[in-house]
Amino acid sequence: MAKIGIIGAMESEIALLKDRMSDRTETVRAGRTFYAGKLRGADVVLVCCGVGKVNSALTCQMLVDWFGVDTVINIGVAGSGGEAKVRDIVVSTDALYHDLCGITPEDDILLDSYPFVSSFAADPELIRLAVEAGEKRGVNVFTGRIATGDQFVGNKAQKDDIVARTHPMAVEMEGGAIAHACAVNGVPFVIIRSISDNADDGAEMSFEAFEQIAADDAAEIVSSMLEKL
Ligand code: ADE
């Protein structure tokens with residue numbers, strides 16, 4: 001049976017799923033709490049990794065090494081990088097870093113190291129199941145690229161620059177690093193993000209207003225996906 005790792009960066013992003021788990025056990029390692037148990041009949045390990053690329057990558061590696069997960073789903077909120085509006089869902093086609101220096105199409109420093117790609121492709125079947133679960137819930141679902149960096153994108157100039165360079169559907173702070181950790185371990189992943197803000201000058205206010213509602217939307221989609229995994 002599949003063992004599914006579910007990662008959120010903030011407590012608000014995992015709260016709904018944590019409450020719904022049965023047979024839940026807790027293990028604390030490296031300052032984070034891993035919740036193992038059942039969710040909708042599936043074997044899951046749920047964890048709040050903390051914000052940013054390092055927190056999320058190291059937590060993902062721990063899920064693989066210590067808990068033996070064979071699938072990873074990253075959930076949470078994001079800023080819009082494209083057509084997606086607040087409370088729309090973005091399911092990743094791929095994820096990359098928008099703040100890694102030295103990246104141009106001709107000279108991409110990620111191409112020098114394993115797995116020799118500059119963007120990490122999500123698993124097609126997980127994408128399909130996430131889209132299906134979102135549509136069943138009646139929300140607008142977009143598929144597209146996730147651009148990840150160690151910064152909250154909260155002004156128009158910053159957003160325009162990221163969009164021009166990386167063409168994302170959503171911007172956030174963990175998905176690319178989780179995708180990277182999954183890629184080097186050969187573990188299929190998908191990122192499911194609910195849009196909390198437009199990553200522009202109004203982002204902070206919008207984020208505060210929609211954080212929990214949007215986080216719950218993404219969590220509900222995973223919950224319904226689990227029946228099919
Ligand atoms: N997560 C939610 N909104 C975000 C934003 N605007 N930038 C980065 N991460 C986010």
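Ala, Val, Leu, Ile, Met, Phe, Trp, Tyr, Cys and Pro count here as nonpolar, Asp, Glu, Lys and Arg as charged, and the others, Gly among them, as polar. With that in hand, let us look at the ligand in this predicted model. The residues of its shell divide into 8 nonpolar, 3 polar and 2 charged.

Who are these neighbours? In total, 13 residues surround the ligand, and the closest are Gly79, Phe152, Val153, Glu172 and Asp197.

Start with the side chain of Asp197, where an N or O atom lies 2.6 Å from a nitrogen atom of the ligand. Val153 takes part through its backbone instead: an N or O atom there is 2.9 Å from a ligand nitrogen. At Gly79, a polar backbone atom is found 3.3 Å from a nitrogen atom of the ligand. The protein covers the ligand well beyond these points, burying 96% of the 260 Å² that the ligand exposes when taken alone.

Now step back to the surroundings. The ligand sits in the second largest pocket. Strand E5 (71–80), strand E9 (170–172) and strand E10 (189–197) are the elements that give two or more residues to the shell. Of the shell, the largest share comes from E5, with 3 residues.

Let us move on to charge pairs. Side chains of opposite charge can pair when their charged atoms come close. With a cut-off of 4 Å between a side-chain nitrogen of Lys or Arg and a carboxyl oxygen of Asp or Glu, the count comes to 17 salt bridges. One of them joins Glu227 to Arg40, with the closest N and O atoms 2.5 Å apart. This pair links distant parts of the chain, as its members are 187 residues apart. Glu227 belongs to the segment after helix H6 (203–226), while Arg40 is in the loop between strand E3 (32–39) and strand E4 (42–48).

Between strand E6 (89–97) and strand E7 (120–121), the loop holds Pro115, and the peptide bond from Tyr114 to Pro115 is cis, with omega near 5°. Ala30, in the loop between strand E2 (22–29) and E3, has a phi near 50°, a positive value in a residue other than glycine.

Terms used:
Residues numbered from 1 in each chain as written. Predicted model: local features only at pLDDT ≥ 70, side-chain atom pairs only at ≥ 80, totals over all residues. Heavy atoms only, no water. Near = heavy atom within 4 Å. Polar contact = N/O pair within 3.5 Å; in protein donor to acceptor, adjacent residues only side chain to side chain. Areas by Shrake-Rupley, 256 points an atom, 1.4 Å probe, with all protein chains shown as cover. 1 Å grid on protein atoms, 1.4 Å probe; cavity = no way out; pocket = protein on both sides within 12 Å on 5 of 7 lines; lining within 4 Å. Sits in = over half its atoms within 2 Å of the grid points. Helix = DSSP H or I, 4+ residues; strand = E, 2+ residues; numbered from the N terminus.
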